[in-house]
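Colleague: I would like to learn how to read a few features of a protein model. Could we take them one at a time?

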Amino acid sequence: MTVEVIIIALLMFFLLVGIHEWGHFYFAKRVGILVREFAIGFGPKLLSVKRNETRYTFRLLPMGGYVRMAGEDPEIVQINPGQTIAVKIENDKVTHIYLDQLDQRTDVIQGTVESIDLEHKLNIKLDVDGELQDLDVHEKAMMETKGKETQIAPWNRQFGSKTIAQRALVIVAGPVMNFILAFFLFITFIYMSGIPIENPTHLQVGTVVSDSPAETAGLESNDLIIEVNGETIGTDNEKLLTLISQSADQPMNWTVSRAQSEIQLQVTPKPDEAGSGKVGISIQLEKRSPDSIVEGITYSSKTMWNVTEQIFISLKMLVTLQFSLDDLGGPIRITEMTGEAVSYGVDTLVGFVAMISLYLGIFNLLPFPALDGSRLMFFGIEAVRGKPVDPNRESMVHFIGFAVLMLLMIAVTYNDILRLFKG
């Protein structure tokens, strides 16, 4: 794995996770939810910046991301009657509430809380030296304790205050953004790689791996393969692969058609670990550019549908436990696959990113705890029951699911590392 491949893999991760979380973020803001954090990655913060109400963070572990919305988790220290606090007032409203280091605060009013409501009435009744003061709280007031500021969240800014439809929209928006990105990437892939012609008569060189025997010999993308070692190839892919495999370190005579001219080339396959010859090309049936935008979109849709079917087949095997640990892959395996896609050219890389984006969207809609699909399932239960599931129980279910997913990620990453050491 080169530094270039690692950088490309990280950029792909930021794109796929970023567009997913942006879907949650955008629609949460649209329905008025306070978004506290937009995070790419998990674990310790690497980079953090706050803009308006939201903190944007990059975190150490590239295993996903999240949008933290007000009301989803316990987030503000509870203030109880009888507690001594200090408040700062601007324009007749409390803008800051301090819970500690009260003697060090300046330009504040200090007193004992008689009653407080930071969700509905936005009001604090404070006993200041025996005088009861009735104070209105600004809807964006900040609460500070132990050097950390947290914006209060009135009930109408919390996730739980929204209708089932609004909450479902916020959750489903993440996978939908992955589907939209995948669709446009598939369109780009089709326009870059072309679509198969009707009744093809030849195999065509797709992409040529850099520094490969094919590149050394002068093979180019879109060359039509006419003959190899005097044998007509036609559309017989198996025949071509067999000839290449049996010719490791042996020069082969290729006849290709390029720009309606036949060219003679000598290609010497390199042996792989098993001793089979490899030349470093992808092979495809003859392709052409789409004749119209409608044809391009139509073929892109068909390609996306075919990939979707294959993804569901793999997920069925996953659910029915028809797999081994070696069939799964974490960030390391994905980085390796990214490197392979890069070696075959930009169009292959675009198609690979489209496939991963589509997979990410579908996977997140599975009804497994901690995934978006599970949250949508809880909304469905709420709609049927007429009341939400106990938030504590739902949080526990998602926590367990998240822990299982993290353990699985650790296991496959460990397996990837072992596989790297074993070559």
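Colleague: How are H5 and H7 oriented to each other?

Modeller: First, note that this is a predicted model. Helix H5 (residues 293–319) packs on helix H7 (residues 346–364) at an angle of about 55 degrees, and their axes are 10 Å apart. H5 and H7 are therefore oblique to each other. The crossing of H5 and H7 is right-handed.

Colleague: Which residues of H5 and H7 meet?

Modeller: From H5 come Met 304, Val 307, Thr 308, Ile 311, Phe 312, Ser 314 and Leu 315, and they meet Met 355, Leu 358, Tyr 359, Ile 362 and Phe 363 in H7. Sorted by class, the contact of H5 with H7 has ten nonpolar residues, two polar and no charged ones.

Colleague: At what angle do the axes of helix H2 and helix H8 cross?

Modeller: The axes of helix H2 (residues 164–193) and helix H8 (residues 372–385) cross at roughly 165 degrees and come within 9 Å. Angles over 145 degrees count as roughly antiparallel. H2 and H8 are therefore roughly antiparallel to each other. H2 passes H8 in a left-handed crossing. On the H2 side the contact is made by Ile 164, Arg 167, Ala 168, Ile 171, Val 172 and Pro 175, and on the H8 side by Asp 372, Arg 375, Leu 376, Phe 379, Glu 382 and Ala 383.

Colleague: How many charged residues has the contact of H2 with H8?

Modeller: That contact has four charged residues, along with eight nonpolar and no polar ones.

Colleague: Now the aromatic rings. How many aromatic pairs does the structure hold?

Modeller: The structure holds twelve aromatic pairs. To read a pair, take the distance between the ring centres and the angle between the planes; planes under 30 degrees apart count as stacked, over 60 as edge-to-face. Trp 22 and Tyr 26 have ring centres 5.0 Å apart and planes at 20 degrees, so the pair is stacked. Trp 22 and Tyr 26 are four residues apart in helix H1 (residues 3–30), so about one helical turn separates them. Trp 22 is partly exposed at 36% relative accessibility, and Tyr 26 is partly exposed at 32%.

Colleague: Which kind of aromatic pair do Phe 25 and Phe 38 form?

Modeller: Phe 25 and Phe 38 form an edge-to-face pair, with 5.6 Å from centre to centre and 85 degrees between the planes. The pair links distant parts of the chain, 13 residues apart: Phe 25 is in helix H1, and Phe 38 is in strand E1 (residues 35–51). Both Phe 25 and Phe 38 are buried. Elsewhere among the rings, Phe 13, Phe 14 and Phe 58 form one aromatic cluster.

Colleague: Last, the backbone. What is the phi of Asp 107?

Modeller: Phi of Asp 107 is near 55 degrees, which is a positive value in a residue other than glycine. Asp 107 lies in the loop between strand E4 (93–98) and strand E5 (109–117). Its relative accessible area is 70%, so Asp 107 is exposed.

Colleague: Where is Asn 229 placed?

Modeller: Asn 229 sits in the loop between strand E11 (224–228) and strand E12 (231–232). Phi of Asn 229 is likewise positive, near 55 degrees, in a residue other than glycine. Asn 229 counts as partly exposed, at 37% relative accessibility.

How values were computed
Residues numbered from 1 in each chain as written. Predicted model: local features only at pLDDT ≥ 70, side-chain atom pairs only at ≥ 80, totals over all residues. Heavy atoms only, no water. Axes fitted to C-alpha atoms, helices over the stretch in contact; angles between N-to-C directions. Helix = DSSP H or I, 4+ residues; strand = E, 2+ residues; numbered from the N terminus. Parallel < 35°, antiparallel > 145°, perpendicular 65-115°, else oblique. Left-handed = near helix turned anticlockwise from the far one by under 90°. Contact = heavy atoms within 4.5 Å. Nonpolar A, V, L, I, M, F, W, Y, C, P; charged D, E, K, R; others polar. Buried < 20%, exposed > 50% of the residue type's maximum accessible area, 1.4 Å probe, protein only. Phe/Tyr/Trp six-rings, centres within 6.5 Å; stacked < 30°, edge-to-face > 60°.
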